[in-house]
Amino acid sequence: MEFKQNVLCIGAGYVGGPTMSVIADRAPDVKVTIVDINKARIDAWNSEDLPIYEPGLYDVVKRARGRNLFFSTDIDGAIREADIIFVSVNTPTKTFGHGAGMASDLQYWEKTAREILAAANGSKIIVEKSTLPVRTAEAMSTILNSNDKGIHFEILSNPEFLAEGTAIRDLETPDRVLIGSEQTPEGLAACEKVVDLYARWVPREKILTTNLWSAELTKLTSNAFLAQRISSINSISALCEKTGADVSEVAKVMGQDKRIGPHFLKASVGFGGSCFRKDVLNLAYLCEFYGLHEVSAYWKSVVDMNEWQESRFVSRMLENMFNTIAGKRIAVFGFAFKADTGDTRESPAHHVVRDLLDERALPIITDPKAIPEAKRDLADVLDKVQFEADPYAAAKGAHAIAICTEWKQFCDLDWKRIYDGMEKPAFVFDGRNLVDAPALRDMGFRVFQTGR
Ligand code: NAD
Ligand code: UGA
């Protein structure tokens with residue numbers, strides 16, 4: 001079949017895979033190819049067992065794959081064929097040299113730019129899909145456009161706002177799509193092409209266009225504001241525990257104020273996920289770089305508060321379990337960083353398990369989706385942890401249950417059966433305020449929730 005346009009995405013991860021699958025689904029006359037250096041990942045995208053768990057993703061892939069959606073490792077061939085190239089490779093926190101622990105590691109991005117440059121045989125639109133420090137497009141343009149092939153690369157920024165667990169819904173009905181471009185005739189024309197792609201299913205008024213730097217910076221600040229709300233409510237959760245106030249009540253009433261709004265005010269064991277920590281630290285680093293030390297310290301404190309919240313979870317267990325958990329079986333309910341995903345990157349549960357191990361407790365981990373990832377994350381301590389697919393088996397003989405992920409399945413368990421199988425007194429530390437605490441207390445549990 002003759003396609004109207006060839007769109008390529010480099011990087012078949014949590015963002016590239018779902019985002020491009022939805023574009024292919026909604027634009028059947030556009031050929032969408034997704035490439036990756038990781039062959040196992042591409043093989044999985046081409047199989048019935050997709051490499052990531054995301055509700056609704058399989059159906060979208062199934063509709064488009066083989067029709068106008070293709071997963072491949074032929075990166076050079078796909079670059080040559082493409083009109084528009086989205087780049088969605090990973091941009092983790094740098095672990096070495098200047099800015100280690102804070103700045104973005106841009107090596108994968110730069111490598112990709114150089115691969116595009118080497119393979120391209122004509123002008124292309126390059127779209128930053130990865131989250132990047134503000135002004136990255138400038139560096140990319142310099143690298144790409146200093147070629148002697150006489151070809152031009154127009155760089156756009158189209159950051160992604162999907163959240164894992166709701167990615168398909170977020171992509172199909174986004175709050176907004178953001179496209180940043182240079183305000184030149186070429187930049188604006190390139191921008192219009194990407195607007196047209198999204199306009200197949202996104203109402204025009206929700207497609208916002210800005211200059212390049214605003215688009216890059218909006219992505220970082222959106223994540224920083226979301227993370228800040230969680231750190232703010234988590235800081236209040238600690239005060240609630242001291243004073244007898246209930247953080248859920250406080251958040252509910254505050255959220256009714258339209259100026260504050262109800263979302264992202266759930267106190268928890270801490271925020272996880274691959275991006276909040278990295279993006280807030282990157283923002284703080286950028287501020288530092290531009291000499292804005294006070295602004296940097298302000299944003300850094302969002303991450304500091306999160307680390308404190310994660311670490312006080314096990315401290316609270318210790319306080320209430322007679323100051324020792326050494327040798328005690330502790331069932332960890334949930335290892336994913338949030339419900340409805342198998343992703344465990346920066347999961348607060350991981351932090352909790354490491355703290356439990358420091359106290360010489362025996363963690364038994366259960367999770368509906370993330371046990372393989374948990375085994376990989378804990379590869380260095382596999383002799384000190386156990387894994388159980390069945391939550392009843394995980395809780396059997398345990399002194400305490402630590403709820404770290406808000407999987408709905410955990411609410412629906414037969415908690416009386418769990419209670420009967422546990423050591424007494426039986427404790428529940430609910431890091432997600434998930435269970436019906438009064439009902440569990442009636443059964444005999446000692447229940448501790450966050451901010452209550
Ligand atoms: P990921 O690690 O799941 O996927 C990145 C993929 O890029 C990997 O499969 C990797 O093999 C591939 N890759 C790296 N270098 C490559 C190269 N030179 N050529 C081809 N493939 C290459 O990462 P992700 O979670 O999809 O995140 C990607 C970007 O999107 C990051 O910048 C992240 O901050 C941003 N983002 C992530 C989310 C999210 O929910 N995960 C949401 C919004 C934005
Ligand atoms: C987040 C943003 O919500 C997305 O808009 C953004 O695109 C993405 O980061 C990214 O750039 O990677 P994600 O990390 O997938 O998405 O998931 P969130 O729903 O934001 O949750 C992040 C963490 O905060 C989870 O651990 C979650 O449990 C926690 N959280 C969330 C709370 O503790 N309380 C809340 O009220 C909300």
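## Around ligand 1

Which of the 28 residues around ligand 1 come nearest? They are G11, G13, Y14, S130 and T131. Here a residue counts as near a molecule if its C-beta atom, placed from the backbone, lies within 6 Å of it. Before going further, please note that this is a predicted model, in which local features need pLDDT of at least 70 and side-chain atom pairs count only at pLDDT 80 or more, while totals for chains, interfaces and linings use all residues. Residues are numbered from 1 along each chain as its sequence is written, and chains are lettered from A and ligands numbered from 1 in the order in which they are written.

Sorted by class, the shell around ligand 1 holds 11 nonpolar, 11 polar and 6 charged residues. In this sorting, Ala, Val, Leu, Ile, Met, Phe, Trp, Tyr, Cys and Pro are nonpolar, Asp, Glu, Lys and Arg are charged, and the others, Gly among them, are polar. Helix α5 (residues 107-119) gives the most to this shell, with 4 residues. Helices (H or I, at least four residues) and strands (E, at least two) are DSSP runs, numbered from the N terminus.

## α5 and its partner

Two packed helices are described by the angle between their axes and the distance between the axes. For α5 and helix α6 (residues 136-145), the angle is about 30° and the axes are 9 Å apart. That makes α5 roughly parallel to α6, as angles under 35 degrees count as roughly parallel, over 145 as roughly antiparallel, 65 to 115 as roughly perpendicular and the rest as oblique. The axes are lines fitted to C-alpha atoms, for helices over the stretch in contact, with angles running from 0 to 180 degrees between N-to-C directions.

The crossing of α5 and α6 is right-handed. A crossing has this hand if the near helix is turned clockwise from the far one by less than a right angle, and is left-handed if anticlockwise.

## Around ligand 2

Ligand 2 has 20 residues around it, of which K266, S268, F271, G273 and C275 come nearest. By class, its shell has 11 nonpolar, 5 polar and 4 charged residues. Domain 1 (5-202) and domain 2 (244-452) both contribute residues to this shell, so ligand 2 lies between them; the bounds come from an automatic or database domain assignment.

The largest share of the shell around ligand 2, 3 residues, comes from helix α9 (residues 212-243).

Helix α9 has 32 residues and spans 47 Å from its first C-alpha to its last, close to the 46 Å expected, a figure taken as 1.5 Å times one less than the number of residues. Just after α9, G244 has a positive phi of about 90°.

Helix α9 packs against helix α12 (residues 293-320) at about 45°, with the axes 9 Å apart. That makes α9 oblique to α12, and the crossing is left-handed. The axes of α12 and helix α13 (residues 348-358) come within 9 Å and cross at roughly 45°. Helix α12 is therefore oblique to α13, with a right-handed crossing.

## Backbone details in two loops

Two loops deserve a look. F264, in the loop between α10 (247-255) and α11 (276-289), has a phi near 60°, a positive value in a residue other than glycine. P425 lies in the loop between α17 (415-421) and β13 (427-430), and the peptide bond from K424 to P425 is cis, with omega near -5°.
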